[in-house]
Amino acid sequence: MNAHHIYSFNGHSPRIHPGAYVHPSACLIGDVQVGEGCFVGPHATLRADHGPIHLEAMSNVQDNCVLHSCPDGTVVLHRFAQVGHGAVLHGCTLMENCLVGIHATVLDGAVLGPDSLLAAQALVTAGVRTEAGSLYAGSPARFVKSLSRDAIAAQLEGALRYGRATAEYRIGLRPVADRVGRQLTPA
């Protein structure tokens, strides 16, 4: 992990479980807690300057996501919650085994129910609470249907796959070139 992207803010420092993986290009600021088996992808930003951000065990934040807490609020990802590439979470809660699709947005005070799925590019407005085991889509997001047991199980398998990737990335990811493209190690 590159310590240049891990910052203390007003006396609060990120806490990263040794069994988690945070990509060196990710940026963590302030009161961020990353639990065991969590995966934080390249260029993700977790900015906890106004309130805490908590990633419980086996949750993941994929590439280019932004998580920010609102004043006096908290961002919480419960166990097995997943945040798809480029999504934005602001002061909200994702319950267990919840999946936020690519480029979706979840705003202040919203709570996504357990085993729920938010479609790609959807917008959950402030204060909305989604039902457990349901698919929501659109802008603003609306209920589409209840998810099957197979769909919910597939979602959980995706979270477990990211959990397994934490060890693979800690062991297998190595830089091969510097910032200007000069090779560091033999290919």
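A disulfide is a pair of cysteine sulfur atoms within 2.5 Å. This tour of a predicted model numbers residues from 1 along each chain as its sequence is written, and its side-chain values use heavy atoms, with hydrogens and water left out. Local features need pLDDT of at least 70 and side-chain atom pairs count only at pLDDT 80 or more, whereas totals for chains, interfaces and linings use all residues.

**Cysteines**

Select C27 to begin. Its sulfur has its closest cysteine sulfur in C65, 14 Å away, which is too far for a bond. C27 is buried at a relative accessible area of 16%; buried means under 20%, exposed over 50%, and partly exposed in between, with a 1.4 Å probe and protein chains only.

**The nonpolar core**

Now select L46, L67, L77 and L118. Within the largest nonpolar core, which has 35 residues, these four touch the most other members. Such a core is a set of buried Ala, Val, Leu, Ile, Met, Phe, Trp, Tyr and Cys residues joined through side-chain atoms within 4.5 Å. Strands β4 (27-34), β6 (45-55) and β9 (75-77) each supply at least two of its residues, and the largest share, 4 residues, comes from β6. Helices (H or I, at least four residues) and strands (E, at least two) are DSSP runs numbered from the N terminus.

Centre the view on L77. Beyond its neighbours within four places in sequence, its contacts (heavy atoms within 4.5 Å) include H54, V61, L67 and L94.

**Aromatic rings**

Select Y21 and Y169. Their ring centres are 5.2 Å apart and their planes stand at 45 degrees, so the pair is tilted. Rings of Phe, Tyr and Trp (its six-membered ring) pair if their centres lie within 6.5 Å; planes under 30 degrees apart count as stacked, over 60 as edge-to-face and the rest as tilted. Y21 sits in strand β3 and Y169 in helix α1, 148 residues apart. Y21 is buried at 6%, while Y169 is partly exposed at 34%.

**Paired strands**

Finish at β18 (residues 134-137). Strands pair if DSSP finds at least two bridges between them. β18 runs parallel to β16 (residues 117-118), joined by 2 bridges, and L117 stands opposite L135. With β19 (residues 142-146), β18 runs antiparallel through 4 bridges; here Y136 has F143 as its bridge partner. In the turn of this hairpin, G138 has a positive phi of about 100 degrees.
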